[in-house]
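The following note sets out several points on the structure shown below. Please read each point with the model in view.

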Amino acid sequence: MFFYKAYGLTIFSEIELPELSIAEPLSSWDLHIKYGAITFPKLKKTSIYRRGIRALFGKNKDNLVLHWEEVATFEAIGGKELVVSPWTDDKNLISLFTVSEALGLILFQKGYFLLHASSVKVGDEAWCFMGSPGAGKSTTAAAFIKAGCPLLSDDLTAITFDASGKPYIIPAYPQLKIWEKTVNGLDYNQSDLQPVSEGINKFSYKPDGVFDLNPVQLGAIYFIHKAKNRVALEELSTFAIPMEMLKNFPLPFSLLTGESIKQHFIQSFNCAKFAKIWRKRRPDGFELLEKWVQESISLNTAVPHDIS
């Protein structure tokens with residue numbers, strides 16, 4: 001049996017999940033991950049792919065079921081239990097799929113605001129990077145990490161809100177997955193990396209030191225793109241933000257109906273109320289990316305001077 005911490009949860013797991021931060025054994029926990037049989041509901045295709053496999057989704061009453069052909073089926077129960085029914089003996093593959101969208105179902109049941117995004121800590125703020133596949137979310141995060149900014153999350157970002165509606169990113173776990181091109185472009189030392197099971201050209205990077213699990217107030221969100229016909233940087237209007245957030249919802253869209261979609265829009269507006277939200281064209285080339293990162297860090301961490 002294994003004990004972990006991730007996304008503010010203490011986790012008791014029958015499955016080894018080496019991506020997560022190890023916790024001391026506890027007598028109680030927030031989430032129990034266990035093996036078990038799952039009754040298949042009626043499953044529908046989603047727009048979610050991982051390793052080229054399309055996820056199927058369905059519900060057993062209030063329980064959420066995610067099925068990955070030839071990998072595993074997951075059932076999220078009340079935000080407290082995640083049942084795993086594996087279809088492969090590859091433990092690395094089971095772990096990868098467990099800490100991704102399957103864990104996301106649990107976070108959704110707990111009411112967290114979820115984004116398909118990577119995030120880092122810049123000064124005292126959390127910055128979040130989103131974009132369509134290939135836009136450069138993880139590459140941008142990797143550039144900030146190389147410049148000394150702590151990692152908060154990769155791929156799946158969870159946000160919670162205090163009583164005033166102020167948003168906080170909840171750190172996930174200390175792993176960033178980056179492509180070989182990024183490894184070479186940012187001069188990461190390959191001896192510090194491990195190949196991941198998603199493909200031979202992708203590597204996992206585990207930052208040194210203690211992974212801080214304390215929530216960090218959201219300061220900025222960047223929608224990263226590569227379109228040459230758009231301005232390099234523009235601040236999004238309040239009314240454009242909910243739809244952009246919706247495009248980056250990481251779970252099946254069929255979850256967002258009724259009160260859930262209403263809540264998603266409210267949470268989007270709360271992010272916009274307390275954080276700057278930008279659409280940014282990713283700098284062309286790694287040298288310019290690192291230059292922008294350094295300038296951004298300097299501007300955000302500069303100590304104001306008293307000119308009175």
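**Notes on the predicted model**

1. The model is predicted, and one stretch calls for caution. For the chain, the mean pLDDT is 91, and 96% of its residues reach 70 or more.

2. The strands may be considered next. An open sheet is formed by 9 strands, in the order β3-β1-β2-β4-β9-β8-β7-β6-β5, with mixed pairing. Strands β3 (21-22) and β5 stand at the edges with a single partner strand each, so one side of each has no neighbour in the sheet.

3. Strand β2 (residues 9-13) pairs with β4 in the parallel sense, over 3 bridges. The bridge partner of S13 in β4 is I33.

4. Where does K42 lie? K42 is found in the loop between β4 (31-35) and β5 (44-50). The relative accessible area of K42 is 72%; because exposed means over 50%, K42 counts as exposed. Leaving aside residues up to four places away in sequence, K42 touches F57 and G58. K42 and F74 are 32 residues apart in sequence, and their C-alpha atoms are 14 Å apart in space.

5. Helix α2 (residues 137-146) has 8 of its 10 residues buried, so the rest of the structure largely encloses this helix. The buried residues of α2 are K137, T139, T140, A141, A142, A143, F144 and I145. Here a residue is called buried because its relative accessible area is under 20%. After α2 comes G148, which has a positive phi, near 105°.

6. The structure holds 1 cavity of 30 Å³ or more, and the volume of the largest cavity is about 60 Å³. Which residues line the largest cavity? The lining consists of Y7, E19, R50, L96, V99, S100, D154, D155, L156, Y173, Q175 and K177.

7. The lining of the largest cavity can also be described by residue type and by element. By type, this lining divides into 5 nonpolar, 2 polar and 5 charged residues. By element, helix α1 (residues 91-109) gives the most to the lining, with 3 residues. In general, an α-helix has 3.6 residues a turn, so residues three or four places apart point the same way.

Note on methods: Residues are numbered from 1 along each chain as its sequence is written. This is a predicted model: local features need pLDDT of at least 70, side-chain atom pairs count only at pLDDT 80 or more; totals for chains, interfaces and linings use all residues. Side-chain values use heavy atoms; hydrogens and water are left out. pLDDT is the predictor's confidence in each residue, from 0 to 100. Helices (H or I, at least four residues) and strands (E, at least two) are DSSP runs, numbered from the N terminus. Buried means under 20% relative accessible area, exposed over 50%, partly exposed in between (1.4 Å probe, protein chains only). Contact means heavy atoms within 4.5 Å. On a 1 Å grid over the protein atoms alone, a cavity is a set of points where a 1.4 Å probe fits but cannot get out, and a pocket is an open set with protein on both sides within 12 Å along at least five of seven lines; lining residues have an atom within 4 Å of a point. Grid points are joined across faces, edges and corners, and a volume is the space filled by probe spheres set on the points. Ala, Val, Leu, Ile, Met, Phe, Trp, Tyr, Cys and Pro count as nonpolar, Asp, Glu, Lys and Arg as charged, and the others, Gly among them, as polar. Two strands pair if DSSP finds at least two bridges between them.
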